[in-house]
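Trainee: Can we go through this one together? I'd like to start with the overall layout and then look at single residues.

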Amino acid sequence: MGTTSHYKKSKSKVISAEEAVNRIPNEATITIGGLISILCPEKVLSALGERYVKTAEPKNLTVVTPVRVGWDPERSTGLEHVAYKGMLKRLVSGSFNVKESPNLTDMIRNNEIEAYNFSMGTLFQLIRCIAGGHPGLLTTAGLHTYVDPRYDGGRLNNLTKATLNQILELNGEELLFYPSFPIDVAIIRGTTADEDGNITLEEEPATLSGLEMAMAAKASGGYVIAQVKRVTKNNTLHPRSVEIPGIFVDAIVVDEEQTQSLLPGYEPSWTGEIRKPMSQLCNPLSLDVKKVILQRAAEEIEPGMTVNLGVGIPVDLPQLAIEQNFFKDITFSLEHGAIGGVPMGVEVFGAHINPDAFVTSTQTFDFYQSGGLSATLLGFAQIDGSGNVNVSKFNGIYRGSGGFIDITHKTPKILYCGTLTSGGLKISIADGQLKIEQEGRHKKFVEAIEHMTFNAAQAIKKGQEVLYITERCVFRLEEDGIHLIEHAPGIDVEKDILKNVDFKVTISPDLREMKSNYFMESATKTFMERV
């Protein structure tokens, strides 16, 4: 970029948000940190959007963000601040949300910007490669999914033409190669900074990859803006608490109103400042389809496992684990860096109550892609007869894969959790039986999925165990597709299951009823009793 500001040691790097964004040139490639509301540099992004509205600059930006930022459907937050035609040329992201970023997703749908969706782990790792001056990222994660250039290559609309990755062969093995590119600007966030730009994260519930983003920009000769809540004198921060050294930061923007997340107030149990008693964390789940599905999935969880959770129904497994007294026997890990404790649900996905440790998102995905997880519970939007799964693009909705591709890459046990149909589904549960009161309008087990987020044939080759768990039945992945292995008591297999699936189902000769205790209020048992 060639416009990096150099400061003497004695000069403060603290400037206004307006000054900071005025230094961003046209045509810049910008990487933005944050996870929805966590670590989102909202004040800087708001100033960037206001600059464009007033001056029509900076224009033709490329934005790279492993995780979406923005959280408020009632007002513009996060990436909505760059969702202007002419301002944004290209977006490369790991996830999207139409409610949180309606203007941005409309621009993708209307072919107003180039748009790519790659896996979250790939983007974090590629940024680290750029930070290290490497030619690019080589990975096997994502082969034979929609990010593979032989499928969609991550492209989301007709305007998007360029191929950003390629297939290479090394020692007889296929690899995905993502070439490095310059990062002109990094916009990141922390809690406290000194005037030299050393940054801590003591109030943040995750680490993400602020350091790697800053290093990638500096390695490219670029410019780094860090938003913080407060500034302290130089030489007052303990060096062990500094997460981002000042040598990687050019400008500090202070936002005294910066909040920990979209929820009001500050939660010290997310950061390890305090540890809440377990007695305060037990909120028993009501007996509904979600609890039925989770109780069946929990049968697959064994003591000592490290378990990942996806959005949707899986996020409530920790509550079931506390309620049924097997929480202490397993460790939860989400891709955003906190390890252990009780992951929050949809309110602030990525934060954990009482975490044991924090690592970066990049390190987390290294662990996942190497097969470090024991099991994962994930949601699904579409499943076909071969067992392929789509969560990333369906019915005109752009969601992205997030960490899904990385999580399913080598995890030995994959448990897909969701209802058989959706849209108006009404179910009653009583006396150990399940009854369909009103069928859902939308089938989720379809003849052909729209996006290949999970390739079942590859999972078979890797020897992974895959179950598809719904409220009324359970399917298992076999070499010839998915087999029906269980059905709920009270369910008619032909009427309630087979007629709501768009492909021919292989019925296991060992088909059995799901355990009746999943459908009873008195199902609570200790972990050792269950196994």
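Mentor: What follows goes from the whole chain to the domain interface and then to a few local features.

Trainee: What should I know about the source and the numbering?

Mentor: This is a predicted model, in which local features need pLDDT of at least 70 and side-chain atom pairs count only at pLDDT 80 or more, while totals for chains, interfaces and linings use all residues. Residues are numbered from 1 along each chain as its sequence is written, and side-chain values use heavy atoms, with hydrogens and water left out.

Trainee: OK. How many helices and strands does the chain have?

Mentor: The chain has 12 helices and 34 strands. Helices (H or I, at least four residues) and strands (E, at least two) are DSSP runs, numbered from the N terminus.

Trainee: And why call it as compact as a globular protein of that length?

Mentor: Because its radius of gyration is 24 Å, close to the 24 Å that the globule rule gives for 531 residues. The radius is taken over C-alpha atoms, and the rule is 2.2 Å times the number of residues to the power 0.38. Along the principal axes, the C-alpha atoms fill a box of roughly 75 × 50 × 50 Å.

Trainee: Which domains are assigned?

Mentor: Domain 1 (17–254) and domain 2 (279–518), with bounds that come from an automatic or database domain assignment. Their centres, taken over C-alpha atoms, are 30 Å apart. Domain 1 puts 36 residues into the contact and domain 2 puts in 32, where contact means heavy atoms within 4.5 Å.

Trainee: How much area is buried between them?

Mentor: About 2,800 Å², with carbon and sulfur atoms giving 57%. Buried area is the accessible area (1.4 Å probe) that two parts lose on being put together, summed over both. Met120, Tyr146 and Leu156 supply 17% of what domain 1 buries against domain 2, more than any other three residues.

Trainee: Which element gives the most to the domain 1 side?

Mentor: That is α4, with 6 residues.

Trainee: Switching topic: where is Arg90, and what does its side chain pair with?

Mentor: Arg90 is in strand β3 (residues 88–93). Its side chain makes a polar contact of 2.7 Å with that of Glu114. Beyond neighbours within four places in sequence, the contacts of Arg90 include Leu61, Val63 and Tyr116.

Trainee: What about Asp106 and Arg109?

Mentor: Their side chains form a salt bridge, 2.9 Å from N to O. The two are 3 residues apart in helix α3, so about one helical turn separates them.

Note on methods
A polar contact is a pair of N or O atoms within 3.5 Å; within protein, one must be able to donate a hydrogen and the other to accept it, and residues adjacent in sequence count only if both atoms are side-chain atoms. A salt bridge is a side-chain nitrogen of Lys or Arg within 4 Å of a carboxyl oxygen of Asp or Glu.
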